[in-house]
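This briefing concerns the fold, the overall dimensions and one surface feature of a single protein chain. Please consult the sequence and the model shown below.

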Amino acid sequence: MKFVKEEDSEKIINSDTSYLKEYSKKLNDKDLDFCINTISGRYPEKGYAENLKCKEICYILEGSGSINKKDEKIDFKQGDVILIDKEEIYFWEGNCKIIMVCSPAWYKEQCKLIN
């Protein structure tokens, strides 16, 4: 069993529109990770994101917005769950707080930003 107190989480600023409360470094698990992402606007700010190796399950903790694929826009609100499969291309837009769990554990090198 592993335990991480909120005050031991790390704040990571992704952009002007997104920051994370990251618990994963303290969990130190290669199979899963956990963070809370706060989005205020569009992320990424232009283009799209793609996870090359990780699946991501997202629970909308607060707020609302949309997740946008090249050919589809999905509106969400508090209480909804979104599963992003690896290699899906998307961007977020809204004002929300999202619990995100990735498997295998997310790492920067496997994330691709597409302009």
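How many helices and strands are there in the protein? There are 1 helix and 9 strands, where helices (H or I, at least four residues) and strands (E, at least two) are DSSP runs numbered from the N terminus. The model is predicted: local features need pLDDT of at least 70 and side-chain atom pairs count only at pLDDT 80 or more, while totals for chains, interfaces and linings use all residues. Residues are numbered from 1 along each chain as its sequence is written, and side-chain values use heavy atoms, with hydrogens and water left out.

**Fold and dimensions**
- Along the sequence, the elements follow the pattern β-β-α-β-β-β-β-β-β-β.
- The C-alpha trace spans about 40 × 25 × 25 Å along its principal axes.
- Among contacts (heavy atoms within 4.5 Å) between residues at least 6 apart in sequence, 64% join residues at least 24 apart.

**Burial and surface**
- Of the 115 residues, 40% count as buried, meaning under 20% relative accessible area, with exposed over 50% and partly exposed in between (1.4 Å probe, protein chains only).
- The accessible surface comes to about 7,300 Å², and 50% of this surface belongs to carbon and sulfur atoms.

**Nonpolar patch**
- Ile57, Tyr59, Val81 and Leu83 form a nonpolar patch on the surface, with about 380 Å² of accessible area together.
- The elements that contribute two or more residues to this patch are β5 (55–69) and β7 (81–84).
- Val81 lies in strand β7 and counts as exposed because its relative accessibility is 53%.

Definitions and conventions: Patch = residues over 30% accessible without salt bridge, like charges linked within 9 Å, V, L, I, M, F, W, Y side chains within 5 Å. Areas by Shrake-Rupley, 256 points an atom, 1.4 Å probe, with all protein chains shown as cover. Salt bridge = Lys/Arg side-chain N within 4 Å of Asp/Glu carboxyl O.
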